[in-house]
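I'd like to walk you through one structure, so let me put it up on the screen.

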Amino acid sequence: MKPFFDVQRIDHVVLRVRDLDCSVRFYGDVLGCPVERRREHLGLVHLRAGTSMIDLVCIDGTLGERGGAAAGREGRNLDHLCLRIEPFDEAALVAHLARFGVSPAGPAEINFGAEGDGLSLYFNDPDGNTIELKGASRPG
């Protein structure tokens, strides 16, 4: 049975991080996600990601300590976070990431997403979470 509502988009995703300031810099500088709001008493920073939000929670803060150990090689916060971007220019993206000491996991490849098949590039944030940058879908 279909619910009475329709899902419109992802509102926000919450990542537990070891170093809140480092992660705020990474998501701000590398991905262009500015700080929308800080809630110091919770160890939480809300970042704007287009029409959505990426929330960062420090693992030793009020909210973060509820989740146990931090993400790492043997455990993750989530499989990956995919951000739809425009334009998708692989060479420019690789050069941009390199300026921050970030290397993609491999060359861009075609993957399926909300808008269909399109190029995407994967890399990791400072806590080992996988980020996918995804371009527009390709026609038929």
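Okay, let's start with strand 5, because that strand gives the largest pocket the largest share of its lining, five residues. Before I go on, please keep in mind that this is a predicted model.

So how much space lies in the largest pocket? About 880 Å³. There are 38 residues lining that pocket, and the closest to its centre are I10, S52, C82, L83 and R84. What about the classes of residue in the lining? The count is 20 nonpolar, 12 polar and six charged.

Next up, the largest nonpolar core. It has 28 residues, and the ones touching the most other members are Y27, L31, I54, L56, F123 and L133. Helix 1, residues 20–29, is among the elements that supply at least two residues of this core, and so are strand 4 and helix 2. Which element gives the largest share of the core? That's helix 1, with four residues.

Leaving out residues up to four places away in sequence, L56 touches L15, V17, L20, S23, V24, Y27, G43, L44, V45 and L47.

Now look at D55, which lies in strand 4. Is D55 buried or exposed? Its relative accessible area is 5%, and buried means under 20%, so D55 counts as buried. With the same rule about sequence neighbours, D55 touches H12, V13, V14, L15, L44, V45, H46 and L47. The side chain of D55 also makes a polar contact with the side chain of H46, at 2.8 Å. And D55 and L44 sit 11 residues apart along the chain, with 6.8 Å between their C-alpha atoms.

For contrast, here's T51, in the loop between strand 3 and strand 4. T51 has a relative accessible area of 59%, and the cut-off for exposed is over 50%, so T51 is exposed. How far apart are T51 and D11 in sequence and in space? They're 40 residues apart in sequence, and 7.7 Å apart from C-alpha to C-alpha.

How values were computed. Residues numbered from 1 in each chain as written. Predicted model: local features only at pLDDT ≥ 70, side-chain atom pairs only at ≥ 80, totals over all residues. Heavy atoms only, no water. 1 Å grid on protein atoms, 1.4 Å probe; cavity = no way out; pocket = protein on both sides within 12 Å on 5 of 7 lines; lining within 4 Å. Points joined across faces, edges and corners; volume = space filled by probe spheres on them. Nonpolar A, V, L, I, M, F, W, Y, C, P; charged D, E, K, R; others polar. Buried < 20%, exposed > 50% of the residue type's maximum accessible area, 1.4 Å probe, protein only. Core = buried A, V, L, I, M, F, W, Y, C linked by side-chain atoms within 4.5 Å. Contact = heavy atoms within 4.5 Å. Polar contact = N/O pair within 3.5 Å; in protein donor to acceptor, adjacent residues only side chain to side chain.
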